[in-house]
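Morning, everyone. I'll go strand by strand, then turn to a pair of helices.

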Amino acid sequence: MTVLANARLVLPNAVQHGWLRIDAGRITALGPGAPDADASATGSRPDTNGSGSDTTGHGTGAGGTVSGVSGPGSDANGSGAGVSGSGSGAHEPGTGATAPVTGATAPGTRAAAQGMAGADAEIVDLGGRYVVPGFVDMHMHGGAGHSYQRGRADDARQIVEFHRAHGTTTLTAGLVTGSADELLNAVSGLAELAADGLIAGIHLEGPYIARNRCGAHEPTLLRDPDAAEFRRLVKAGGGHVRMITLAPELPGGLDLVRAAVDEGVVAAVGHTDGTAAQVREAFDAGARVATHLFNAMRPLHHREGGPIVAALNDPRVTVELINDGVHIDTEVARLTFNAAGADRVALITDAMAATGMGDGSYTLGVMDVEVKDGRAVLAGGTSIAGSTITMADGFRRAVTVVGLPIEDAARSAALVPARALGLDDRIGSLAPGKEADLVVLNDDLEVERVMKGGRWT
Ligand SMILES: [Zn+2]
């Protein structure tokens with residue numbers, strides 16, 4: 001059992017100074033203030049987002065000190081196992097934060113927590129740091145020099161490990177347009193990893209997308225929607241193809257939307273030149289996501305709103321946003337949140353192999369990509385070819401640049417994509433019963449520690 005104490009818990013609608021208990025990989029209870037011994041007796045605390053919420057934020061219980069995880073000297077119990085990982089990697093050098101200094105309230109907090117959790121519990125005093133739900137990235141293609149396109153387990157593991165270190169605890173593996181054989185091979189390979197729980201499914205971005213909105217997809221491999229081929233891919237994926245991005249205005253587009261719904265695959269509208277009316281038809285047929293809104297789609301015109309207006313105006317639809325400051329202007333990001341509300345905006349990375357690697361030459365599918373100053377473009381062209389951000393980057397930018405309240409940014413980075421993927425019963429928010437996937441952030445919203453399924457990574 002682990003108790004995170006003295007934390008600023010970012011709940012779906014508030015920030016609450018309090019504690020959170022984890023047992024067997026799940027969040028079992030949380031509450032305001034110091035851990036309460038009574039809470040352990042019942043094992044639950046249903047009122048988790050009501051009274052005592054602290055929306056003013058800053059360090060109410062920490063007394064201004066940064067204590068980090070429990071200092072070894074202050075743990076009266078001396079249960080070494082209880083203070084695992086005592087701060088290693090969790091602090092910037094030179095800030096003084098690594099010293100085993102506990103704030104004025106910490107000893108009391110720890111005593112209460114210890115009483116509640118038992119002697120063998122791990123008590124982690126977070127010194128007023130934020131805890132947000134683990135980020136959920138529903139649209140990404142790689143990182144750390146690797147992509148999913150070859151369907152290789154080793155590539156996928158390194159991608160997952162890289163992004164997890166940056167707070168992404170759930171992600172889908174995105175495949176860009178490829179030949180039928182390439183996609184079948186990749187889907188089969190990735191399906192095994194999905195079955196193992198490494199990835200939360202596969203996102204097919206293409207190949208049924210619009211030629212004039214293909215962005216960084218190889219134009220010669222694009223094809224009209226083919227429900228039979230799609231069903232072969234779904235079969236090869238063993239139930240793990242979770243989303244497909246397509247252009248619904250292409251011949252057979254609406255049939256493909258229906259086939260996706262029939263197969264339990266989320267249909268997403270993207271890389272589309274459809275009119276608002278055509279895209280609305282796709283939503284009526286069951287499409288529920290707009291893929292990287294604004295990017296690689298017919299732009300908004302005041303007499304033909306196109307996919308953007310159709311998506312923003314439809315309460316059934318989740319819109320993806322690449323909040324990297326390159327794909328979307330900050331004011332446009334603001335407009336999107338104002339129009340759709342944080343509950344319908346999913347922050348995504350669309351990250352490609354170069355993420356975490358620096359400038360240089362990379363590939364996206366069969367396309368060559370140059371990365372300069374963190375900006376990925378097709379070699380010899382101007383098309384943006386994915387991003388080089390992590391979810392933590394997009395989340396932080398949503399708060400510090402776009403200006404969202406932290407709880408709204410956290411919903412868009414976790415609960416909204418989890419819901420869009422049908423996973424919100426298990427993940428996406430700090431709530432009893434959900435998996436203990438969470439991220440500890442400092443005041444600058446930088447990732448300090450990441451927990452997946454109750455384990456620090
Ligand atoms: Zn993509």
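Thr2 stands opposite Glu122 of strand E4. This is a predicted model, so please keep that in mind. The link between E1 and E4, residues 122-125, is parallel and has four bridges.

Stay with strand E1, residues 2-11. Is it buried or exposed? Mostly covered: 10 of its 10 residues are buried.

E1 has other partners. Strand E2, residues 14-23, pairs with E1 in the antiparallel sense, over eight bridges. Leu4 has Leu20 of E2 as its bridge partner. Two residues sit between E1 and E2, and the two strands form a hairpin. Then there is strand E5, residues 130-133, parallel to E1 over two bridges. Here Arg8 is partnered with Tyr130.

Now the open sheet. It has seven strands, in the order E10-E11-E12-E13-E14-E15-E16, with parallel pairing. Which strands are at the edges? E10, 173-175, and E16, 345-348; each pairs on one side only. E10 runs parallel to E11, residues 202-205, and three bridges join them. Leu175 has Leu204 in E11 as its bridge partner.

Last, the helices. H10 covers residues 391-402 and H11 covers residues 406-420. Their axes come within 9 Å and cross at roughly 150°. The crossing is right-handed. What makes the contact? From H10, Met391, Phe395, Ala398 and Val399. From H11, Ile406, Ala409, Ser412 and Ala413. By type, that contact has seven nonpolar residues, one polar and no charged.

Terms used:
Residues are numbered from 1 along each chain as its sequence is written. This is a predicted model: local features need pLDDT of at least 70, side-chain atom pairs count only at pLDDT 80 or more; totals for chains, interfaces and linings use all residues. Axes are lines fitted to C-alpha atoms, for helices over the stretch in contact, and angles run from 0 to 180 degrees between N-to-C directions. A crossing is left-handed if the near helix is turned anticlockwise from the far one by less than a right angle, and right-handed if clockwise. Two residues are in contact if their C-beta atoms, placed from the backbone, lie within 7 Å. Ala, Val, Leu, Ile, Met, Phe, Trp, Tyr, Cys and Pro count as nonpolar, Asp, Glu, Lys and Arg as charged, and the others, Gly among them, as polar. Two strands pair if DSSP finds at least two bridges between them. A residue is buried if 20 or more other C-beta atoms lie within 10 Å of its own, exposed if 12 or fewer, and partly exposed in between; C-beta atoms are placed from the backbone.
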